[in-house]
Amino acid sequence: MPLDTSRGGELLGAVKIEIQYDPAVLTAAACTPDPGRLFTTALCNHELAPDKVGFTAASASGLSGDARLAEITFQAVGAAGDSSALTLTADPFSDPDGLDIAVTLQNGLVIVVSTAHVPHTLVLSADPSWI
């Protein structure tokens, strides 16, 4: 499941995102940080808590535009028809100087339909007034 950000010209210097889910329905199996290698440093912890994945990244020069922050793999442990909200929090989300950037988070929902792989997308976008 990709974790993406979409920004206008505002530079992204640092980000910390946590994704909470229902562990009775899903388990986080893996997390690949910064697959495009755009950040100076990036870490992803799929075992932050039994119900939470954490992602942290920083770029000294800042990133603009669209970026894939991480690829997260969830495994369904619930039965067909079970669902889990994916609740995102982002703090900080700042420019290279450490100034806060306003973000609009789009939470998600995963519904277990079968044991087959079903892709889902989480999208983070900056305040539309900056685009």
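Q: Are Tyr-21 and Phe-74 buried or exposed, and what makes them so?
A: Both Tyr-21 and Phe-74 are buried. The label means under 20% relative accessible area, with exposed over 50% and partly exposed in between (1.4 Å probe, protein chains only). The model is predicted, so local features need pLDDT of at least 70 and side-chain atom pairs pLDDT 80 or more, while totals for chains, interfaces and linings use all residues. Residues are numbered from 1 along each chain as its sequence is written, and side-chain values use heavy atoms, without hydrogens and water.

Q: How many aromatic pairs does a search of the whole structure find?
A: It finds two. In one, Tyr-21 and Phe-74 lie 5.2 Å apart centre to centre, with 75° between the planes.

Q: Why is the pair of Tyr-21 and Phe-74 called edge-to-face?
A: Rings of Phe, Tyr and Trp (its six-membered ring) pair if their centres lie within 6.5 Å; planes under 30 degrees apart are stacked, over 60 edge-to-face, and the rest tilted. The values of 5.2 Å and 75° therefore make Tyr-21 and Phe-74 an edge-to-face pair.

Q: Which parts of the chain does this pair link?
A: Tyr-21 is in the loop between strands S2 (12-20) and S3 (26-33), and Phe-74 is in strand S6 (residues 66-76), 53 residues apart. Strands (E, at least two residues) and helices (H or I, at least four) are DSSP runs numbered from the N terminus.

Q: Why is Ile-111 called partly exposed?
A: Its relative accessibility is 44%, which lies between the limits for buried and exposed, so Ile-111 counts as partly exposed. Ile-111 is found in strand S9 (residues 108-111).

Q: How many helices and strands are in the chain?
A: The chain has zero helices and 10 strands. Buried residues make up 34% of its 131 residues.
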